[in-house]
Amino acid sequence: MPEIRCDSYYNATINDETQYPRLESDIRVDVVIVGGGFTGVSTAVELAERGLKVAIVEANKIGWGATGRNGGQVTGSLSGDAGMVKQLRNELGMEAENFIWDLRWRGHEIIKHRVEKYNIDCDLKFGHLHTAYKPGHMAEMEKTYTEAVSRGMGDEVTLLSKQDIPEYLETPLYHGGLLNMRNMHLHSVNLCIGEARAAQSHGAMIFENSPVLDISDGALPVVKTAHGSITANSVLIAGNAYHKLARKKLSGMLFPASLGNCATVKLTAEVAKAINPHDIAVYDSRFVLDYYRMTADNRLMFGGGTNYSGRDSKDVAQELRPAIERTFPRLKGIDIEFEWTGMAGIVVNRIPQLGRVSPNVFYCQGYSGHGVATSHIMGEIMANAIIGQLTEFDLFADMRQIRLPVGEWLGNQGMALGMMYYRMMENFR
């Protein structure tokens with residue numbers, strides 16, 4: 001049963017709500033994409049721009065799932081990068097490090113290009129600070145800074161000491177950090193809706209409120225809903241943690257984790273300037289981290305406290321308020337106007353999962369909390385694969401993934417126990 005949008009800041013500030021029809025006929029296309037989030041929509045833009053006849057089938061509304069529930073941060077923090085480099089050395093040799101370094105910034109360029117090309121109003125801003133929560137965390141910042149400078153990013157990154165932090169944030173928490181002006185932050189739902197309209201402008205058909213019930217295999221796979229069907233040359237399953245399709249192939253590979261987010265009431269311009277004078281996005285260096293930024297209308301959007309049990313938090317505002325007040329003592333007692341949760345798709349080894357269910361049915365999932373940029377990177381790779389350019393797709397499809405031979409509930413409990421271990425290990429970092 002289709003569901004309405006959640007009560008998030010993003011959904012309360014949509015520029016132009018979507019009104020796409022329900023699928024109520026039998027149609028034929030080149031490619032049908034299941035899922036109207038960033039992965040599905042980004043892939044659709046790539047394919048439609050190249051002249052393919054594309055259809056998107058979304059169970060609810062465009063941007064309804066994790067795409068519309070995240071922190072809106074576009075960073076080069078590619079999930080599972082160390083594991084990817086290790087595995088890719090077998091195929092790429094010493095070029096593996098260069099491939100992954102270049103890959104981590106590709107999503108930024110795709111998003112910037114689309115925003116400019118299609119005039120998408122999504123509050124795109126530049127600037128992000130990765131903060132050191134403990135003195136020992138600065139070693140990680142220094143290593144990343146040195147690599148960034150060596151790769152030509154010296155004019156975009158700045159290593160900050162503890163004494164520098166007050167210039168950027170009014171907080172007592174941090175011991176330094178790495179400022180990156182290539183990283184961005186934005187309004188996720190308005191970006192996704194804008195990209196959907198871009199795909200539509202090139203002929204893509206979009207159907208909302210159309211949950212997919214089944215995908216039949218065959219030379220020409222068929223995607224079936226309660227009221228219609230789409231026959232295609234290729235299918236892409238792009239529902240991440242929000243679908244139960246192809247369970248024989250995909251079960252035990254990805255587990256949902258609930259991410260909590262909230263947004264305060266509007267702050268005065270003076271308060272907003274005081275707590276975050278350069279209007280940058282922030283996340284800290286812990287395994288289970290806090291992340292936050294200012295919205296276009298001067299609210300503090302704040303997220304954190306990932307719940308790996310697979311269940312939504314009951315009171316997000318109550319859970320996040322202590323972190324907000326600890327970070328910004330000035331905001332003690334501030335009213336929180338919006339609170340929401342979203343399900344991220346978590347992979348055990350954190351490496352995004354690309355592959356095939358059958359020769360003509362592809363899947364792409366598992367960004368482990370780093371989805372805004374990564375989904376756009378993978379959208380480009382999946383579009384290339386669908387038209388037969390398989391080089392990068394094969395690199396990911398051939399990577400070893402960990403598939404747990406247990407049900408989703410038991411898998412989530414294992415993930416939760418694992419994160420308890422990492423939280424304890426935090427004391428030794």
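## A walk through the strands, helices and loops

The crossing of helices H2 and H6 is left-handed, a label used if the near helix is turned anticlockwise from the far one by less than a right angle, with right-handed kept for clockwise. By class, nine nonpolar, one polar and one charged residues make up the contact of H2 with H6. Here Ala, Val, Leu, Ile, Met, Phe, Trp, Tyr, Cys and Pro count as nonpolar, Asp, Glu, Lys and Arg as charged, and the others, Gly among them, as polar.

Before going further, keep in mind that this is a predicted model, where local features need pLDDT of at least 70 and side-chain atom pairs count only at pLDDT 80 or more, while totals for chains, interfaces and linings use all residues. Numbering starts from 1 along each chain as its sequence is written, and side-chain values use heavy atoms, with hydrogens and water left out.

Back to that helix pair. H2 covers residues 38–49 and H6 residues 188–201, and their axes come within 8 Å and cross at roughly 30 degrees. Helices (H or I, at least four residues) and strands (E, at least two) are DSSP runs, numbered from the N terminus. The axes are lines fitted to C-alpha atoms, for helices over the stretch in contact, and angles run from 0 to 180 degrees between N-to-C directions. H2 and H6 are therefore roughly parallel to each other; that term takes angles under 35 degrees, with over 145 counted as roughly antiparallel, 65 to 115 as roughly perpendicular and the rest as oblique. On the H2 side, look for Phe38, Val41, Ala44, Val45 and Ala48, which meet Ser188, Leu191, Cys192, Glu195, Ala196 and Ala199 in H6. Contact means heavy atoms within 4.5 Å.

Now for the strands, starting with S6. Strand S6 spans residues 176–185 and is mostly covered, with eight of its 10 residues buried. Buried means under 20% relative accessible area, exposed means over 50%, and partly exposed lies in between (1.4 Å probe, protein chains only). Which strands does S6 pair with? Strand S3 (residues 73–74) pairs with S6 in the antiparallel sense over two bridges, and valine 74 has methionine 184 in S6 as its bridge partner. Two strands count as paired if DSSP finds at least two bridges between them. As a general point, side chains in a regular strand alternate between the two faces of the sheet.

Strand S1 gives you parallel pairings. Eight bridges join S1 (residues 26–34) to strand S10 (residues 229–237), and the two run parallel. Isoleucine 33 stands opposite leucine 236 in S10. S1 is also joined by four bridges to strand S2 (residues 54–57), again running parallel, and there valine 34 stands opposite valine 57.

Next, helix H3. Within residues 81–92, the buried residues of H3 are Met84, Val85, Gln87 and Leu88. What do they pack against? These buried residues pack against helix H4 (95–117) and helix H11 (391–397). After H3 comes glycine 93, with a positive phi near 65 degrees.

Most residues other than glycine have a negative phi. Asparagine 209 has a positive phi, near 50 degrees, and sits in the loop between strand S7 (205–207) and strand S8 (212–216). Asparagine 209 counts as partly exposed because its relative accessibility is 30%. Asparagine 298 also has a positive phi, near 65 degrees. Asparagine 298 lies in the loop between S13 and S14 and, at 26% relative accessibility, counts as partly exposed.

That loop, between strand S13 (290–294) and strand S14 (300–307), also holds threonine 295. Is threonine 295 buried or exposed? Threonine 295 counts as buried because its relative accessibility is 1%. Leaving aside neighbours within four places in sequence, threonine 295 is in contact with Tyr9, Lys125 and Met301.

Finally, go to leucine 320 in helix H9 (residues 316–327). Leucine 320 is buried, with a relative accessible area of 4%. Not counting residues up to four places away in sequence, leucine 320 touches Gly260, Asn261, Cys262, Phe302, Gly303 and Gly304.
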